[in-house]
Structures are given as C-alpha cells and as structure tokens.
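Here's a quick tour of the model you have open.

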Amino acid sequence: MNYFPDEVIEHVFDFVTSHKDRNSISLVCKSWFKIERYSRQNVFIGNCYAINPERLLRRFPCFKSLTLKGKPHFADFNLVPHGWGGFVQPWIEALARSRVGLEELRLKRMVVTDESLELLSRSFVNFKSLVLVSCEGFSTDGLASIASNCRHLQDLDLQENEIDDHRGQWLSCFPETYTSLVTLNFACLEGETNLVALERLVARSPNLRSLKLNRAVPLDALARLMACAPQIVDLGVGSYEDEQDSESCLKLQAAIRKCTSLRSLSGFLEAAPHCLSAFHPVCHNLTSLNLSYAAEIHGSHLIKLIEHCKKLQRLWILDSIGDKGLEVVASTCKELQELRVFPTDLQGGGNTAVTEDGLVAISAGCPKLHSILYFCQQMTNAALITVAKNCPNFIRFRLCILEPHKPDHVTSQPLDEGFGAIVQACKNLKRLSVSGLLTDQVFLYIGMYATELEMLSIAFAGDTDKGMLYVLNGCKKMRKLEIRDSPFGDAALLADVNKYETMRSLWMSSCEVTLGGCKRLARKAPWLNVEIINENDNNRMEENGYEGRQKVDKLYLYRTVVGTRVDAPPFVWIH
Amino acid sequence: MENVGVCDEFVNLKATELRLGLPGTEDGGEEERQKVSCCKSNKRAFPETEKDIESTGKTKPASPPKAQIVGWPPVRSYRKNNIQTKKNESEGQGMYVKVSMDGAPYLRKIDLTVYKQYPELMKSLENMFKFSVGEYCERERYKGSEFVPTYEDKDGDWMLVGDVPWEMFVSSCKRLRIMKGSEAKGLGCGV
C-alpha cells in the first residue's frame with residue numbers, strides 16, 4: 001500500500017492538522033494508523049470520561065498538546081451540581097509519570113486544583129501554554145506555581161473561571177529573568193492585583209500580544225501598561241472606571257494612539273462612558289470587539305464607538321444597543337462574521353431592547369455573517385424566514401427568546417416555520433439552539449434538512465416523543481444533543497440505542513424519561529455510561545416499586561471505551 | 001458563589017420533585033415558587049400577570065410562572081451577576097453604596113438591602129476585600145484588627161459601622177470605607 005518510506009508519509013501527515021482528518025487517515029490502513037499515532041502532536045478529547053489517560057498514552061505516546069473537556073455544556077447554567085466530576089488531577093498525574101513532553105494544556109469545564117497546577121508546573125520542562133475555560137477548584141496559589149516553575153511559559157489564558165483569589169503575589173512569582181510571555185489573561189480574577197509586579201512583567205515581555213486585565217486595574221495603571229506594550233494585539237481593559245482624574249484619560253489616549261497593532265478589545269467591566277472615545281483612533285483596525293460586560297454604557301456611546309469599526313469581524317454586545325444600534329452595525333460592519341447579543345434584562349419583562357427587526361437588519365447588512373447568538377424577547381416566523389433568505393451561510397445559529405413557550409408575537413403561531421426556514425436554507429449549519437413556542441413540527445424540519453448539524457440545544461419545546469425521534473433519526477452527524485423541560489420520554493430515548501454510539505453525549509433534564517427507561521437503556525448499551533443526577537431525595541428513587549415509572553430529573557449519557565467512572569459522587573448513579 | 005448555590009437548592013426543590021405529570025403543570029405549586037425568593041437580588045421573582053397566562057395558554061397547559069427557572073435564561077453566572085447589579089442600580093432598586101478600602105486601588109459596590117444585619121454585611125466585606133474585622137463590642141469597637149469599617153452618613157460625617165441600629169444605618173449610609181490602622185483609632189461614633 002505504501003509507495004513511500006514512512007518518513008515521507010509522516011511529513012505529508014504533518015500538513016494534516018484537523019483532528020477529524022487525522023482520525024480519518026488513521027483508519028486507512030495499519031501502516032498509516034501506526035505512522036499517524038506516533039506523529040500526532042495535538043490530541044483533542046471532547047469528553048474526559050470517554051477514555052482514560054492510560055489508553056491515551058498507549059495510542060499517542062508523542063503528543064505535545066492536550067485538550068480536555070469535562071462537564072456537559074448545561075453546567076454553565078448551574079444545571080450540573082457541584083462535585084459531579086471532571087477532575088484533571090488523574091490526567092496530570094499519568095502524564096507526569098510518562099515521558100510525554102507536554103507543552104500545551106487546554107481545559108474546559110474541568111475541576112482543577114492547586115495541587116494539579118503545581119504538579120503540572122514541575123513535570124514538563126518545555127511547558128508553554130495553559131488555557132483554562134470555565135474551570136474551577138483552584139486559587140491564585142496554583143497560578144503562583146505556574147508562574148514560578150514554568151520557565152518557558154508563553155500563554156496563561158484564564159477565561160471565565162471560578163478562581164479563589166487569595167490576593168496573593170502570584171504575579172511577582174514570575175522570575176525577573178522570565179521574558180517569554182505572549183498571552184496573559186486574568187480578567188476573571190476578582191481580587192486585588194499587584195500593579196507593580198504586573199507593570200514590571202509587561203515591561204520585560206517584548207513578545208506580549210494579548211493582555212486581559214481584571215477589574216482591579218485602574219485607568220492610570222492601564223495607561224502605563226499600554227505605554228509599556230505598544231505592540232499589543234489583544235487588550236482586555238478590565239475595570240476602566242475613572243473615579244478621579246482626567247489626566248489618566250489623557251495619558252491613556254496618548255498610549256492608545258501608539259498601539260497600532262491593536263486588533264481586539266474587550267473588558268470594560270465598570271466602564272465610564274466618556275472614556276470610550278479614547279479608543280476611537282484605533283477602531284478602524286479592530287477586528288474583534290467585546291462590549292458585553294459594559295452594562296453601564298448607554299446604547300448611543302456604543303454606537304459612536306462601533307461607527308468607527310469598519311473592519312469588525314466579531315462583535316459581542318449587550319441588547320442595550322437596541323435595534324437602531326444593530327442597524328448601525330449592519331451598515332458599518334460589512335466584514336462581520338460573528339455576532340453575540342446578550343440580554344440586560346434577564347427576567348424578560350422589561351423594555352424590548354432588541355427585536356426581530358434588529359436580527360433582520362443584521363442579516364441583510366452583513367453578508368459574511370456565519371455565527372450568531374441572539375437573546376431577545378420576541379420573534380416572528382416572517383423575520384426568521386427573511387433571515388434565512390439573507391444568510392444561507394450560517395454555521396452557528398442560536399436564538400434565545402427569553403420567555404419560554406413564547407409564540408410568534410404577531411400571529412401567535414409556533415415558530416416552527418421560522419426555524420424550518422433556517423435549517424432548510426443553511427446547508428452548512430453545525431450548531432443550532434431553538435426557543436419560543438415550538439411543536440414536533442420544527443423537529444421534523446430539523447431531522448429532514450439539518451444534515452450537517454452537530455449540536456442541538458432544545459428547551460421548553462415539542463409535544464411528543466415524535467419530536468425527539470425526528471432528530472435522532474434524521475440528523476446523521478449529531479454529536480451533542482441537550483434537551484431540557486421538553487415532553488420527550490422513554491419511547492424516544494430507547495428507539496435507537498445504537499445512535500448514541502455515533503454521538504458524544506445526550507443530556508436530558510426535566511423531561512419525561514423514567515428510571516426504568518434509563519435502566520433498560522443501560523442494559524441494552526453497555527458501552528454507554530448512563531448517568532442519573534439526583535441531587536435531592538437520594539433514596540426516594542428506588543423505593544416502593546414505583547421506581548420504574550419515576551421520572552429522572554437529569555440524565556446524561558455518553559459513549560465511552562473505559563466503562564463506568566470511579567470518581568462519581570453519591571448523587572450520581574451510573575448504569 | 002456560595003449564595004447562588006444555596007438559592008439553587010431552594011428553587012430546585014419543586015423542580016426536581018418526582019411526580020407523574022408533564023413538566024410545567026403544578027397544583028398550587030405556582031404560589032410556592034413565587035414565595036421562594038432568594039437571598040441575592042439577582043433572583044427576584046416576577047409577579048405573574050393574567051396577560052401572560054393568556055398569551056401562552058393557547059396551545060399549552062398553564063406555563064410556568066415568571067418566577068425563577070433554574071438555569072434560565074441560558075446565561076453564565078459570571079455574566080448574570082455582572083448585569084443584574086448594574087440593572088438594579090440604574091432602576092433604583094436596592095441600595096447601592098460604594099465601598100473602598102485603604103490600600104486597595106479599586107472600588108466595589110454593594111447592595112445594602114441584601115443584608116439583614118451587621119454580621120452578614122461584615123462577612124461579605126471580609127470576603128470581598130480579604131481581611132478580618134475582628135470582634136465588635138460596644139466599648140472597644142473593633143478589637144483585634146487593624147481594619148475598621150466606617151461609613152459616611154447623610155450629613156457627611158464619618159461614623160463607625162455598627163454603632164447605630166441596622167435600619168438607621170441602611171437609611172443613612174452613603175458610602176463605606178474600610179480604614180486601616182491609626183487613622184481609624186481616632187474615630188468616634190459621630191458628632
């Protein structure tokens with residue numbers, strides 16, 4: 001089969017970087033499987049319980065970068081109780097014992113301890129990059145270990161983690177000789193920051209490209225930092241609150257003007273509106289803008305800023321921008337690819353900030369738009385149909401109407417037709433979140449048309465098991481299905497057990513699934529872990545023979561090659 | 001984050017109760033859900049209005065009231081907390097005062113209406129700024145700590161936190177300042 005020596009094939013494989021492609025080539029023949037496994041540099045594990053460290057090391061002995069994901073997505077919304085799992089410690093221990101020269105570790109929704117970080121920092125001489133997203137369980141002491149021991153660290157990127165801030169001196173733990181910093185993101189730290197240590201660190205980091213500060217960095221310190229790092233590409237400005245002096249604002253303006261490489265801006269946690277204009281000189285170069293935490297800035301100031309951002313590709317904003325603001329975005333940001341509009345009014349009872357009009361305007365004005373997350377209080381089928389016509393290129397379409405079960409506000413009809421139009425027009429749709437009043441019909445459309453769909457989020461939707469069955473039968477590429485508060489039960493769950501082998505995971509909470517149904521599924525499919533999360537009334541479920549019919553509050557099932565996990569807490573039952 | 005966890009359990013009780021009915025149908029459970037109000041201001045329940053029941057009642061059985069639904073809307077806690085604080089401030093809900101601490105380069109804001117008495121407030125401040133305030137007693141005030149919590153009242157005077165009854169404090173406090181060391185020792189209880 002091979003006409004070339006292995007080294008040549010390996011060299012060719014070096015150009016194949018996507019995980020999917022490398023998985024595919026490893027299936028071609030035994031020889032390619034072997035060459036591929038020894039040469040794979042980046043390993044991606046989407047569910048840390050689908051495999052274990054030993055099997056990972058056996059298959060890929062030479063990797064440099066590991067990505068691990070732990071808790072299911074709905075953990076972001078407090079649906080997964082504390083202590084469920086996703087511990088990184090066993091992975092780091094196993095890797096430390098092995099001969100893997102780990103250089104990069106990317107973790108999402110995992111439990112990380114100071115002990116883990118300490119072990120990590122001591123075990124891998126060439127460790128370069130640590131990215132933690134939505135993790136928890138560690139403190140600034142763990143960060144101090146990383147800073148102290150990782151001589152070649154380039155990236156320390158902490159995104160929206162829950163970190164116990166001991167207000168310590170972790171920043172001063174970077175040795176004076178350490179100058180290789182490229183990325184530093186500590187925006188999620190709540191406590192005080194050693195400004196002196198931070199300024200000195202930035203001053204001796206000529207390669208620094210990305211700096212995201214937390215709320216404890218005041219305006220004058222920001223100005224000094226920017227003056228030290230005019231080469232910055234990605235800046236998170238932290239608090240941006242200007243209590244006292246306009247002198248700081250002037251210094252900031254001067255510093256900003258020198259940052260000609262700045263392409264991405266975020267932060268503004270406590271922003272004072274009048275200081276936003278300090279950034280106008282660099283707006284024309286910005287490709288990414290995240291103002292979604294700037295709750296204090298009025299829509300008009302946001303608009304003034306955005307009017308200067310003609311090259312914007314990514315925009316995260318609050319709905320306080322309003323439909324009018326979105327019209328400005330639509331007419332200004334012709335390069336826009338990704339838009340996220342977050343809600344300011346979480347109860348959904350207040351003013352209608354953005355409506356279907358804003359969404360339609362964006363779809364009409366931004367031809368390159370392919371990803372959208374849109375929180376709003378009302379929607380119509382007509383609007384969605386127009387959006388589908390304007391933007392057939394959506395890869396990710398997530399619409400969240402704040403009030404569950406809300407129909408088309410003009411016709412009072414379900415929104416089946418609107419979403420149906422989206423899935424029919426957008427042939428490359430990979431991710432979809434639906435909301436509003438929806439019947440089984442919308443799922444018929446999804447099953448029929450969403451052939452590329454990999455992730456689907458359903459909440460308060462559907463009428464009968466048929467809805468879920470349409471999706472399971474139709475969407476051949478489905479990987480992650482998450483459902484809450486919808487009337488799908490055992491019949492849908494058990495119809496095609498083998499389907500779950502082709503998926504990463506299924507989440508169902510507050511649905512109609514019963515304990516008996518789950519047990520039956522587990523018996524039919526031993527290669528699945530069927531987890532039942534039952535926080536309250538731990539013992540009630542198995543009592544008095546009704547168990548078969550008792551509703552399961554939270555079901556999480558996933559394929560795995562390593563059987564039942566051993567670290568589950570008492571409130572998680574695994575069948 | 002601890003508070004949020006406790007509140008979730010509270011609200012969750014009804015949501016996870018095992019019963020043989022469709023989700024969203026309650027017998028008299030609706031009132032109970034509304035009564036369950038959480039300690040943090042960002043979990044206030046909304047009163048149900050007739051209009052809402054009608055608009056959603058056409059094709060479905062009685063929909064859940066606008067009381068807090070766990071994990072809805074799907075917004076991360078980090079984001080939720082940030083937004084809710086700002087919203088309450090701008091709508092005049094809650095009683096937000098700025099808190100500064102000597103030596104800390106940043107201000108925080110807290111909502112006094114969230115607390116019921118001094119110990120709760122002190123605990124929260126201690127957590128926020130990572131310090132310890134020691135024991136409070138009538139005669140020696142805050143013993144055993146170099147940090148002393150003070151506040152500026154309506155008349156512009158700087159007073160020691162804890163000297164006046166709680167309700168009086170909440171109604172007259174304009175801002176808080178946690179003083180450090182010698183400066184604090186000279187502080188009387190006003191006038």
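For the charge count, Lys and Arg are taken as positive and Asp and Glu as negative, while His and the chain ends are left out. On that basis, chain A of this predicted model carries 64 positive and 67 negative side chains. The centres of those two sets sit 7 Å apart.

Now for the build of chain A. There are 19 helices and 23 strands in chain A. Its radius of gyration is 25 Å, close to the 25 Å from the globule rule for 575 residues, so chain A is as compact as a globular protein of that length. Here are some whole-chain values:

| Property of chain A | Value |
|---|---|
| Span of the C-alpha trace along the principal axes | about 70 × 65 × 60 Å |
| Buried share of the 575 residues | 60% |

As for contacts in chain A with a separation of 6 or more, 72% of them involve residues 24 or more positions apart.

One stretch of chain A comes with a label: an unreviewed UniProt entry lists residues 4-45 as "domain: F-box". In the model, that span is 60% helix and 10% strand, and its end C-alpha atoms lie 31 Å apart.

Over in chain B, take a look at E152(B), which is part of strand β5 (residues 147-153). Is E152(B) buried or exposed? Its relative accessible area is 16%, so E152(B) counts as buried, the cut-off being under 20%. Leaving aside residues up to four places away in sequence, E152(B) touches D157(B), W158(B), S172(B), C173(B), K174(B) and R175(B).

Conventions. Residues numbered from 1 in each chain as written. Chains lettered and ligands numbered in written order. Predicted model: local features only at pLDDT ≥ 70, side-chain atom pairs only at ≥ 80, totals over all residues. Heavy atoms only, no water. Helix = DSSP H or I, 4+ residues; strand = E, 2+ residues; numbered from the N terminus. Rg over C-alpha atoms; globule rule 2.2 N^0.38 Å. Buried < 20%, exposed > 50% of the residue type's maximum accessible area, 1.4 Å probe, protein only. Contact = heavy atoms within 4.5 Å. Charge placed at Lys NZ, Arg CZ, Asp CG, Glu CD. UniProt positions renumbered as here; feature names shortened; annotations may be inferred.
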